[in-house]
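Try each task on your own before you read the solution.

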Amino acid sequence: MARHRPIPGATTAAAEGAAVVLLIGMRINRFRAVRHWLPVFLAMPRMLRELGRDRSRGLLGHVLLTASPRTYYVVQYWESKEKLYAYASAPDMAHHAVWAAFNRRERSGSGARGHVGLWHEAYIAPQGSYESIYLDMPPFGLAAATGVLPLAQRGRRAADRFAHRPAPRPEGA
């Protein structure tokens, strides 16, 4: 199925278990300070490509968004908080190198402080604490990351989708 084609009707995300969501972004504080904010702006696509090449790292999917001409961010969906932590601290991954370079520039006094703002928020929503509905949408957000199901499989009402529990796996499976 083409990822950009709307799926007719109502669907929901096929997520099971906890949903791990990371919001991470930047704000350009001084547009003219391109040499300070451009490396920050270019770092995220590089990390996303790296994660896309190695699905075992745990990134299920992401959405690139903008809140204004100054503010850009990514909503990321992860398999687990452990895989998110592991990527963030792995010395052989781009995130580690990007932060090391950023911190070196800050210590030398040629850093981005004041020119660009950085932020992230991480959320772990246990099963039963999230639900989703998509009407005539292509796979998006959590559904793009975990798969799409007909809404009726999880319930037409939000309360039913919140209450959904996967069927127990048979022993030995």
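**Exercise 1.** Find which residues Met-47 is in contact with, leaving aside its neighbours within four places in sequence.

*Solution.* Contact means heavy atoms within 4.5 Å. With that cut-off, the partners of Met-47 are Tyr-87, Ala-94, His-95 and Val-98. Before going on, note that this is a predicted model, in which local features need pLDDT of at least 70 and side-chain atom pairs count only at pLDDT 80 or more, while totals for chains, interfaces and linings use all residues. Residues are numbered from 1 along each chain as its sequence is written, and side-chain values use heavy atoms, with hydrogens and water left out.

**Exercise 2.** Describe the largest nonpolar core and say which elements supply it.

*Solution.* Start with the terms. A nonpolar core is a set of buried Ala, Val, Leu, Ile, Met, Phe, Trp, Tyr and Cys residues joined through side-chain atoms within 4.5 Å. Buried means under 20% relative accessible area, exposed over 50%, and partly exposed in between, with a 1.4 Å probe and protein chains only. Helices (H or I, at least four residues) and strands (E, at least two) are DSSP runs, numbered from the N terminus.

Next, the members: this core has 16 residues, and Met-47, Trp-78 and Tyr-87 have the most contacts inside it. At least two residues each come from strand 2 (19–28), helix 1 (34–53), strand 4 (71–78), helix 2 (81–89) and helix 3 (94–108). Helix 1 gives the largest share, five residues. Another core, of 14 residues, lies apart from it and includes Ala-13, Val-75, Tyr-77 and Leu-142. As background, nonpolar side chains tend to be buried together in soluble globular proteins.

**Exercise 3.** Characterise the largest pocket and the largest cavity.

*Solution.* On a 1 Å grid over the protein atoms alone, a cavity is a set of points where a 1.4 Å probe fits but cannot get out, and a pocket is an open set with protein on both sides within 12 Å along at least five of seven lines; lining residues have an atom within 4 Å of a point. Grid points are joined across faces, edges and corners, and a volume is the space filled by probe spheres set on the points.

The largest pocket holds about 770 Å³ of space. Of its 35 lining residues, Ile-24, Gly-25, Val-40, Met-44 and Met-47 are the closest to its centre. Helix 1 provides the largest share of this lining, nine residues.

A search of the whole structure for cavities of 30 Å³ or more finds one. The largest cavity has a volume of about 130 Å³. It is lined by 15 residues, and those closest to its centre are Ala-15, Tyr-130, Arg-154, Arg-161 and His-164. Strand 1 (7–13) and helix 5 (158–163) are the elements that give two or more residues to this lining.
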